[in-house]
Amino acid sequence: MGKETVDSSITLCRSCDLVIRKRALPTGVRAVCPRCHTSLYDTPYCSINGMLALCLTAIFFFAPANLFPVLELEFLGSMRTTTVIEGALSVYHQGYWLVGIAVLTSAVIAPGLLLLSILMQILIVKYGLSSPSLRTAFKHALKIQGVLTQLTMLEIFVISFLVAAFNLADFATVSFGFGTFCFTMLFVMTLFLMREYDLEHMWSYLDE
């Protein structure tokens, strides 16, 4: 017996089981069931090229965000600076190893892997879905996408910079470093990237 061919242009409504043939949609438009008006599928607001631009911009800010000081503290004539990585290692060496690992993971490791994973997915969609090995790598990247998204918590650290500066303002002169700007831009670019990234839509490229 020959292999059955699955028509990926056909979908079923999740609510009323109406059989519907998919059609190309303009950017940012969502298809709804004509019978029960349940949302069926949509296209991302941002194109693949747009996501590529956001991803490359976020990667551009990643290194300086983690290597340059995010806070500069002047107290009694003494100036101290710290980076995100140094802060995580300092907490770790003080005995709070679990907190140190959590900070390093959610602020450095997970965001870096998330951006590299999305960049790989975009490049494979643009140039390499015809290769079986790249399709396999694409599937693995999509499977771990949810975990990397959950582990990335850049917004918490942006807020913590502001809270630290407010709490220490009465005791010392606190200023933000170049790393603070880069870390904030990294957060903003990642935020917009994840707003446009649609995991279900990325899976659909395998069926095309």
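pLDDT is the predictor's confidence in each residue, from 0 to 100, and contact means heavy atoms within 4.5 Å. Over residues 1–7 pLDDT stays under 50, and the model has one contact for them beyond four places in sequence.

This is a predicted model, where local features need pLDDT of at least 70 and side-chain atom pairs count only at pLDDT 80 or more, while totals for chains, interfaces and linings use all residues. Residues are numbered from 1 along each chain as its sequence is written, and side-chain values use heavy atoms, with hydrogens and water left out.

Confidence is lowest in strand β4 (residues 39–42), at a mean of 69, and highest in helix α1 (residues 48–67), at 93. Helices (H or I, at least four residues) and strands (E, at least two) are DSSP runs numbered from the N terminus.

Now for the aromatics. Rings of Phe, Tyr and Trp (its six-membered ring) pair if their centres lie within 6.5 Å; planes under 30 degrees apart count as stacked, over 60 as edge-to-face and the rest as tilted. By that rule there are four aromatic pairs. Here are two of them:

| Pair | Centre to centre | Between planes | Type |
|---|---|---|---|
| Phe61 and Phe181 | 6.1 Å | 80° | edge-to-face |
| Phe178 and Phe181 | 6.4 Å | 35° | tilted |

Phe61 sits in helix α1 and Phe181 in helix α7 (residues 178–196), so their pair ties together parts 120 residues apart in sequence. Phe178 and Phe181 are both in helix α7, three residues apart, or about one turn of the helix. Ring pairs link Phe60, Phe61, Phe68, Phe178 and Phe181 into a cluster.

How accessible are they? Buried means under 20% relative accessible area, exposed over 50%, partly exposed in between (1.4 Å probe, protein chains only). Phe61 is buried at 11%, whereas Phe181 is partly exposed at 47%, and Phe178 is also partly exposed at 47%.

On to the cysteines. A disulfide is a pair of cysteine sulfur atoms within 2.5 Å, and the count here is zero. Cys16 is in no disulfide, its nearest cysteine sulfur being that of Cys33, 3.6 Å away. Cys16 is partly exposed, at 23% relative accessibility, while Cys33 is buried, at 0%.

Last stop: Thr152, in the loop between α5 (145–151) and α6 (154–168). Thr152 is buried, at 11% relative accessibility. Its side chain reaches the backbone oxygen of Leu148 at 2.8 Å. Leaving aside neighbours within four places in sequence, Thr152 is in contact with Ser106, Ala110, Pro111 and Leu114.

How values were computed: Polar contact = N/O pair within 3.5 Å; in protein donor to acceptor, adjacent residues only side chain to side chain.
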